[in-house]
Amino acid sequence: MTRPHRGGGLAGSPVVPYPHGGLARHANLPPGERLRVLLVEDDEGDAFLVGELLAETNSMIDLVVATSLSEARQRITGVDCVLLDLGLPDAQGLDGLRQVLEMSSGAAVCVLTGRSDEHMGIVAVAEGAQDYLVKGQVDGVLLTRALRYAVERKRADVNARRLHEVELRQAESARLERGLLPQPLMTTDQVAVHTFYRPGRHAALIGGDFFDVVQTRPDRLDLIVGDVCGHGVDEAALGVELRVAWRALVLAGVPDDEVLPALEQVLMSERRLQEIFATVATARLDLDANRATVRLAGHPPPLLLSGGRVVPVPAPGGLLLGVRPRRPIAYDLEFDTDDWSLLMYTDGLIEGRVGVGNERLDVPGLSGLLDEPANREVSLPELPAWLVGRAEQINGGPLADDVAMLLVSRGGGR
């Protein structure tokens, strides 16, 4: 670098040097337009020259100087760019660069090289630096431009990486959703099954809600709705495992009373934390006898729509899966007519607020929504979405938790 003539600093104000060169923060310049640069240079003359070059061009750059890599670790917080000399007392060449890249987090990195080792600058860019500068071949304008371009390139790299991560998460969510929300495995036309799923507002990823429908005989249909506590990839993956395990158990002809205990064993062996639990509601429909057997493991009860009335199925609540192994108690439900619907859902539907207090919609509130005269005009395939819309209207906004629903109907369905 060529030593410049010393001028009057920024806008005629006196230059206030750091101990090794550079400008202190100028109070009259907008802080949003300034960059903070950490120069890691053990040569006081070179460090002073960098500060002078920036001062002569009114660079609007605040310079902080460290004479070693260990000192740089203490000063790197809040820095936009690191200007690194590749020859330091405690780090040489690319080893120093790798350490700076590791500690710099979101900061850009430019390296300083000598004329004899300009090739090191090219290698440094390949290693992850945003740019390189050759000592003796840089003036103030070029130095300022290089530092600002490096910061912008770093920001563009960070944004591109974040976009890629979002795309990966969306692809992962799509795969998990296909696992959680399969197509019903059924051929009968004696009943119709309508499914619904909506992620909560808390995250882009789906949670651990799942459902499934499996027909094992012409007159038999098995249904499940479940919810793994928590939200995120791990919980969604566990929900997929539980759904697939349940389908395998049902298709394998495992006795009814043994299915949920076996499912609990899968949960306890696959969960990442002992605190993880799941709630489940199952129903086995005997179509010829027009009856159902309902089992609950800590899950809200299904709602029966029949004869113009809506009532919760009075099955014993049971214990959560994964808390204290215990076989759920079966409840036999007899349908009085051939026109009925059974609504199975996860608790995200009933946890919305009612009014301005802390009261929740809960099962009685959901029953009340289904009793509203307006829902008589809603077709059965559209009923789950209508329920969510009404729950959100009462809640005053989107529901916080995921919502999954199964609506199985026979005849007129009401």
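1. A nonpolar core is a set of buried Ala, Val, Leu, Ile, Met, Phe, Trp, Tyr and Cys residues joined through side-chain atoms within 4.5 Å. The structure here is a predicted model. Its largest nonpolar core has 27 residues. Those with the most contacts inside this core are Leu-223, Leu-285, Trp-340, Leu-342, Leu-406 and Val-408. In soluble globular proteins, nonpolar side chains tend to be buried together.

2. Which elements give two or more residues to this core? They are β8 (192-198), β9, β10, β11, β12, β16 (340-345) and β17 (403-410). Look at Val-408 as an example. Leaving aside neighbours within four places in sequence, Val-408 touches Val-191, Ala-192, Val-193, Leu-223, Leu-285, Trp-340, Ser-341 and Leu-342. A second core is separate and has 24 residues. Among them are Leu-305, Leu-366, Val-378 and Ala-391.

3. Now the parallel sheet. Five strands form an open sheet, ordered β2-β1-β3-β6-β7. Strands β2 (61-66) and β7 (131-134) stand at the edges with a single partner strand each, so one side of each has no neighbour in the sheet. From one strand to the next, the twist averages 25 degrees.

4. Strands β3 (residues 81-85) and β6 (residues 108-113) run parallel and share five bridges. Leu-83 stands opposite Cys-110 in β6. Helix α1 (residues 44-56) packs on the sheet and touches β1 (35-40), β2 and β3. The direction of α1 makes about 175 degrees with that of β2. Helix α3 (residues 93-104) also packs on the sheet, touching β3 and β6. The direction of α3 makes about 160 degrees with that of β6.

5. Strands β10 (residues 220-231) and β11 (residues 278-286) pair in the antiparallel sense over nine bridges. Gly-226 faces Val-280 in β11 as its opposite residue.

6. On to charged pairs. The whole structure holds 22 salt bridges. One of them joins Arg-34 and Asp-62, with the closest N and O atoms 2.6 Å apart. Arg-34 lies in the segment before β1 and Asp-62 in strand β2, so the pair ties together parts 28 residues apart in sequence. Are these two residues buried or exposed? Buried means under 20% relative accessible area. Arg-34 has 7%, so it is buried. Asp-62 has 1%, so it is buried as well.

7. Compare the bridge between Asp-332 and Arg-291, where the closest N and O atoms are 3.2 Å apart. Asp-332 is in strand β15 and Arg-291 in strand β12, 41 residues apart. Asp-332 is partly exposed at 44%. Arg-291, at 22%, also counts as partly exposed.

8. Arg-390 and Glu-372 form a salt bridge of 2.7 Å, N to O. Finally, Glu-41, Asp-46, Asp-85 and Lys-135 are linked in a network of salt bridges.

Methods
Residues are numbered from 1 along each chain as its sequence is written. This is a predicted model: local features need pLDDT of at least 70, side-chain atom pairs count only at pLDDT 80 or more; totals for chains, interfaces and linings use all residues. Side-chain values use heavy atoms; hydrogens and water are left out. Two strands pair if DSSP finds at least two bridges between them. Helices (H or I, at least four residues) and strands (E, at least two) are DSSP runs, numbered from the N terminus. Axes are lines fitted to C-alpha atoms, for helices over the stretch in contact, and angles run from 0 to 180 degrees between N-to-C directions. Contact means heavy atoms within 4.5 Å. Buried means under 20% relative accessible area, exposed over 50%, partly exposed in between (1.4 Å probe, protein chains only). A salt bridge is a side-chain nitrogen of Lys or Arg within 4 Å of a carboxyl oxygen of Asp or Glu.
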